[in-house]
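Q: Hi! I'm new to reading protein structures. Could you walk me through one?

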Amino acid sequence: MKLTTLLTSAAMALGLATTAMAADKTKVGFVYVGPVGDGGWTYEHDQGRKAVVEAFGDKVETVYVENVAEGPDSERVMTQMALEGADLIFTTSFGYMDPTINVAKKFPNVRFEHATGYKTAPNVSTYSARFYEGRAVQGTIAGHMTESNIVGYIGSFPIPEVVRGINSAYIHAKKVNPDVQFKIVWAFTWFDPAKEADAAKVLIEQGADVILQHTDSTAPQAAAQTAGNVITFGQASDMSEYGPKPRVSSIIDDWAPYYIARTQAVMDGTWESAMTWDGIGAGMVGIGEISDAVPADVKEAALAMKAALADGSYHAFTGPINKQDGSAWLADGETADDGTLAGMNFFVEGIEGEIPQ
Amino acid sequence: MISLEKRPQPSRAWSLATPLVAVLATMVFGGLLFAMLGKPPVEAIRTIFWDPLFGEFAFYYRPQLLVKGAPLVLIAIGLSLGFKAGIWNIGAEGQYIIGAIVGASVGLAFYPYEAWYIFPLMVMGGALGGWAWAMIPAVLKVRFGTNEILVSLMLVYVAEQLLASASLRFLKNPEGFGFPGSRNLQDYPSAFNADLIAGSGMHWGVVAALIAVIFAYVLLNRHMLGFHIRLTGEAPRAARFAGVNPSRLILLCLGMSGALAGLAGLFEVSGPAGQISIDFNAGYGFTAIIVAFLGRLHPIGIMLAGGLMALTYIGGDIAQSNLGLPSAAIQVFQGMLLFFLLALDLLTNYRVTLRKSEVA
């Protein structure tokens, strides 16, 4: 037997052995759109994966593939995971929606969980977080803290998710500071440190002393630090390495409880297709520690807002709210329904500029 | 002492052997890299190169090789024609995007009407879109002497903005709840570039890639234009004396590469990808540059190189999933392949000789 064939067959035997051992384990796959070290979106999903490993130990095996392009590449990676015996697959980007549905059709016994989408099937669930609740807390802090009354906002793509965040932040900043103005820059990327840094610099030059971001890198934090006297908020992950200033707080995506619960459901055989949209109350949206750069009374107001959102006594979109064109949207005391929020494609009254279309 | 001696003629043997040696060197050094990351090197190499072809699930991966390789080959063939003549189209990614947008727009303009001629019209739209986008650097170069490398590259970023605009505005799925992205062409039979034999991965893009390989081979070896292309690249002065019109050659080469890149975009959007979305482009236009050089700018070489690149992508993803290799390690591995190829290229043009060092 040649050395190469020997090595190959040895490796094959090893491969078979691990497959056999894995048979009684629950295998969970994760498909990531960015690198696990992005410090934001993908990083937090991977923290969720690690929490699953910690929670179930030997009973679970997790696999992941990072930097997976949306489209046919993602479809191939999901198929591959299903072929290799995954029981549950989390696909963590909006662009994976149709590929997830396609693959799910071919593997009716594998469960799929698609983040931030709207298409479900008997073996496909969707899940997303009510980040806009976190934006309400951020808006409260931003409104109090700004001295120039100009808040800069780095938008990623003009999709409902991002528009909702801008509206929520604006409404709550305006509530505590009627003179506040929002300046919005669209970066057209989720993760591009160079573009994000440029966007932050432009906003700071235009007088913004608070920068909110809906992009995933820490570049805006670094730009704010260089500029001095500008505050920022961590996005998706805590970004506490930029605290106590410029980063004064953050919105953290905490997927761990959801991932653990869904894995448990597969183990118990109780998994069912569902559309989950959880916020601060369920722990899917976390508010990072508010640093000492924020005065005590502002911190108190922000925490009160957080508590009210968590226990459901307050909804982040409570009327009276008009749309940007002045037409009425929510009457006094009326709260927004999930359908409108999910497809939100308008700014509320007072925000300047248009949603690029 | 080792010294390099220029060969009077580039070595044919080495020119053929270097790609193989480069692949072997990549396996060895890649294996070392994986070992240093604490992963089993032999298993990793086997996962990347062997499993997609002959592993347990090869029945699924083999068709995927065609799906992944076809756009690379189609674009690289077009690029190689220009590269041979010293015309550097670096913006195939942009032409790919525009081809996809135009082709998808043609198809969606007919939605939901079903007719046999819709798909052929989309194919024409895709080719025209890519051609037109490549004509911008071509005409600017011919008229004003601008640098086609810069112009074609910059136009990639313009194309990306148009892609975002298409996904958010004029091609946005009206039934998409306000989310970006077009209708899925896979659900529109007249526009769907389906597998010709179900599950084979053989869609029209694969057929087009094969035709392009044959076409380029015949063009370069049997046709006057092919001769002009080669002559311009190898001896520009001689080419001028031979009556080659450089402007015409620039327009032709950039036009052909643009049209092929546009076709690749159209076949991708109407088939495997299914829809126009903000992140539709996955870097095929840039990877194809590597494929063109890996394949020695030779049509058959490009076909093999496209297959090899597709293999490392698919195998790389399997290795990530099964062995926990980080995607950055896979990218380094792919980078090594090009590095070794270019480094070993030296042997084609130079001879390594061992000589006793002489006292100067």
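Q: Great. What should I know before we start?

A: This is a predicted model, where local features need pLDDT of at least 70 and side-chain atom pairs count only at pLDDT 80 or more, while totals for chains, interfaces and linings use all residues. Residues are numbered from 1 along each chain as its sequence is written, and chains are lettered from A and ligands numbered from 1 in the order in which they are written.

Q: OK! How many helices and strands does chain A have?

A: Chain A has 11 helices and 14 strands. Both are DSSP runs numbered from the N terminus: helices are H or I with at least four residues, and strands are E with at least two.

Q: And how compact is chain A for a globular protein of that length?

A: Its radius of gyration is 22 Å, close to the 21 Å from the globule rule for 357 residues, so chain A is as compact as a globular protein of that length. The radius is taken over C-alpha atoms, and the rule is 2.2 Å times the number of residues to the power 0.38. Along the principal axes, the C-alpha atoms of chain A fill a box of roughly 80 × 45 × 40 Å.

Q: What share of chain A is buried?

A: Buried residues are 52% of the 357 in chain A. Buried means that 20 or more other C-beta atoms lie within 10 Å of the residue's own; 12 or fewer is exposed, in between is partly exposed, and C-beta atoms are placed from the backbone.

Q: Now sheets. In what order do the strands of the parallel one come?

A: That open sheet in chain A has six strands in the order 2-1-3-4-5-11, with parallel pairing. Strands count as paired if DSSP finds at least two bridges between them. Strand 2 (60–65) and strand 11 (275–278) of chain A each have a single partner strand, so one side of each has no neighbour in the sheet. Neighbouring strands are turned by 20 degrees against each other on average, direction ignored.

Q: How many bridges join strand 5 to strand 11 in chain A?

A: Four bridges join strand 5 (residues 124–129) of chain A to strand 11. In one of these places, Tyr127(A) has Thr276(A) of strand 11 as its bridge partner.

Q: Which strands does helix 2 of chain A lie across?

A: Helix 2 (residues 41–56) of chain A lies across strand 1 (26–31) and strand 2, at about 165 degrees to strand 2. Axes are lines fitted to C-alpha atoms, for helices over the stretch in contact, and angles run from 0 to 180 degrees between N-to-C directions.

Q: What about the sheet with mixed pairing?

A: It is an open sheet of six strands in chain A, ordered 7-6-8-9-10-12, with mixed pairing. Strand 7 (181–186) and strand 12 (285–288) of chain A stand at its edges. Six bridges join strand 6 (residues 150–155) of chain A to strand 7, and the two run parallel. Tyr153(A) stands opposite Ile184(A) in strand 7.

Q: Switching to chain B: which stretches are annotated as transmembrane?

A: The unreviewed UniProt entry lists several "transmembrane region" stretches in chain B, including 202–220 and 249–267. In the model, residues 249–267 of chain B are 100% helix, with end C-alpha atoms 27 Å apart. Residues 202–220 of chain B are 89% helix, and their ends lie 26 Å apart.

Q: Is Ala319(B) buried or exposed?

A: Ala319(B) counts as buried because it has 27 C-beta neighbours inside 10 Å. Ala319(B) is in helix 13 (residues 299–323) of chain B. Among the residues it touches is Ile48(B), where touching means C-beta atoms, placed from the backbone, within 7 Å. Ala319(B) and Ile48(B) are 271 residues apart in sequence, yet 6.4 Å apart C-alpha to C-alpha.

Q: Last one: how many residues of chain A are in contact with chain B?

A: 33 residues of chain A are in contact with 31 residues of chain B. Helix 3 of chain A gives the largest share of chain A's side, eight residues.

How values were computed: Contact = placed C-beta atoms within 7 Å. UniProt positions renumbered as here; feature names shortened; annotations may be inferred. Lists of a residue's contacts leave out its neighbours within four places in sequence.
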